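Here is a short note for a colleague who is new to this entry. Please look over the sequence and the model first, then read the points in order.

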Number of protein chains: 2
Amino acid sequence: MNETQNQDRLYQDLARRLMGELASGRYAVGDRLPAERELSLTHAVSRPTVREAIIALEVQGLVEVRVGSGAYVRRLPGRDDIPGFGITAFELTEARMMFEGEAAALAASQISDEELGQLDQLVQDIAAENQAPGGSEQADRAFHLAIARAGRNTAVFNTIEALWNLRANSPESALLHAKARTANVKPVVEEHAAIVAALRTRDPAAARAAMRAHLAAVLDYLLFATEEQAIAAARREIDAKRRRYAGTAG
Amino acid sequence: MNETQNQDRLYQDLARRLMGELASGRYAVGDRLPAERELSLTHAVSRPTVREAIIALEVQGLVEVRVGSGAYVRRLPGRDDIPGFGITAFELTEARMMFEGEAAALAASQISDEELGQLDQLVQDIAAENQAPGGSEQADRAFHLAIARAGRNTAVFNTIEALWNLRANSPESALLHAKARTANVKPVVEEHAAIVAALRTRDPAAARAAMRAHLAAVLDYLLFATEEQAIAAARREIDAKRRRYAGTAG
DNA sequence: TCCGAAAACCGGCCTGACCAATTGCATTCA
DNA sequence: TGAATGCAATTGGTCAGGCCGGTTTTCGGA
């Protein structure tokens, strides 16, 4: 048993364990959870703590509490609770290529001169950010969201923003991106500048093409980074085998 | 005082009130909430209840609790808590036109014969659904999500699904769509069939065009429905004025 | 003026208790 | 025999009070 990686409060620990039991299929939708008093015994915590944990589940819509009856499973925890789960960096980037391309096309017909100026500034910020060691992706994110915002469509903006949040939540994705970014500073800046230039012409097709080109390049970087990773892994494996059989051969 | 519309538990009532105070701008991000003991006095509840309410806010990411220090505002309740809030039916449909068009293009290069067969069936379901009085949009939703799924990209599928959920959450949107749908049964079925036909050719550009054409038509329906609504509203207003001034004139 | 220790404050968690809603079972009546 | 009724056990709802350990503030000494 991984007895409670601490640092959280007890109720969070309990809530996580209960969520795990839900995810494990131990309970079906509609089933009743054990009573609060019973849970407090089986999990060795007080009833108030059990209540807090159940409330945490309730707020997330996982269970429904009926007075005098019990807590019932309303839905099972799924990918909604783990945004980005099961999504690879490639899928995410492909989705961004498709959707941000359209967002850029929309922005081309709506963007103001002031917003174009802000994008110019953001391109410079990206350049600075990429040269700094261990730089963040703050400016990069701001750049893409500014374009999405320029389309003047809340649904579009929310969608693009959600994709970026997804990216932050996916550890695999973040790692790959960081790796890919370090090697290719100049191209990234040029691509972003090209997007701004296309937007400045107010040509939707050109803006779409520039954005897609940029993200297609990102996709390439990712591929490259993955290959390197795969090669390194393969090399390690071969070395291990070599060592293992060294005794046999000698 | 709106003394507690009951039926919920106390903690929910308190949590709602606290959320209201956050929304009212009384606290800024980073501010500290009153201490638990203080809240229990000012709101006339026990400390456990206050704790439960604060946990409800914490689970939603609204506040962050620091041991020995207090509960701090992490973000203000906004559109994140009411998905679809502030998004008009037009924005949503425009976003769908852009994004589902791309999803259809992706699907064209990935879809299997079996999936094409399922789409054929769904087109028939949509026809049946639209003829039934007060029919739902179940088949319509299933049709569009099936196409999104056929692209074999989880991020893309999740995005399209999120847009459909948004649609369900927006009352204004649902109303308008219901109104628009009743008047135009045949075209809708034909448009869906055309999308399947385009997918069957495996031509991304054709699939994109068919999907965009369909949603552009939906946009037109919406416009029409809105105009009718606006005209009716204007007529009511004129009538009201007429009645108001009838006494003056007579 | 600066620093460190004590005190005040704050959340974390527990015990024990009582109330109200629900539910299941046994009793009772038709 | 079957349905209606009433009671008791179970369950969540809430409270009071208390102790602990971490954080912040304060105040006196260096």
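1. A polar contact is a pair of N or O atoms within 3.5 Å; within protein, one atom must be able to donate a hydrogen and the other to accept it, and residues adjacent in sequence count only if both atoms are side-chain atoms. One such pair joins a backbone N or O atom of Gly68(A) to a sugar or linking oxygen of DNA strand D, at 3.4 Å.

2. Some ground rules. This is a predicted model: local features need pLDDT of at least 70, side-chain atom pairs count only at pLDDT 80 or more, and totals for chains, interfaces and linings use all residues. Residues are numbered from 1 along each chain as its sequence is written, chains are lettered from A and ligands numbered from 1 in the order in which they are written, and side-chain values use heavy atoms, with hydrogens and water left out.

3. DNA strand D has 23 residues around it, with Arg47(A), Arg51(A), Arg9(B), Leu10(B) and Thr49(B) the closest. A residue is near a strand if one of its heavy atoms lies within 4 Å of it.

4. Now DNA strand C. Arg9(A), Leu10(A), Ser46(A), Thr49(A) and Arg51(B) come nearest among its 23 residues. A polar side-chain atom of Arg51(B) lies 2.6 Å from a phosphate oxygen.

5. What does Arg47(A) meet in a salt bridge? Its partner is Glu36(A), at 2.7 Å, N to O. A salt bridge is a side-chain nitrogen of Lys or Arg within 4 Å of a carboxyl oxygen of Asp or Glu. Glu36(A) lies in helix H2 of chain A and Arg47(A) in helix H3 of chain A, so the pair ties together parts eleven residues apart in sequence. Helices are DSSP runs (H or I, at least four residues), numbered from the N terminus.

6. Glu36(A) is buried at 18% relative accessibility, while Arg47(A) is partly exposed at 31%. Buried means under 20% relative accessible area, exposed over 50%, partly exposed in between (1.4 Å probe, protein chains only).

7. Another bridge joins Asp120(A) and Arg200(A), at 2.7 Å, N to O. Asp120(A) is in helix H5 and Arg200(A) in helix H9 of chain A, 80 residues apart.

Note on methods
Helices (H or I, at least four residues) and strands (E, at least two) are DSSP runs, numbered from the N terminus.
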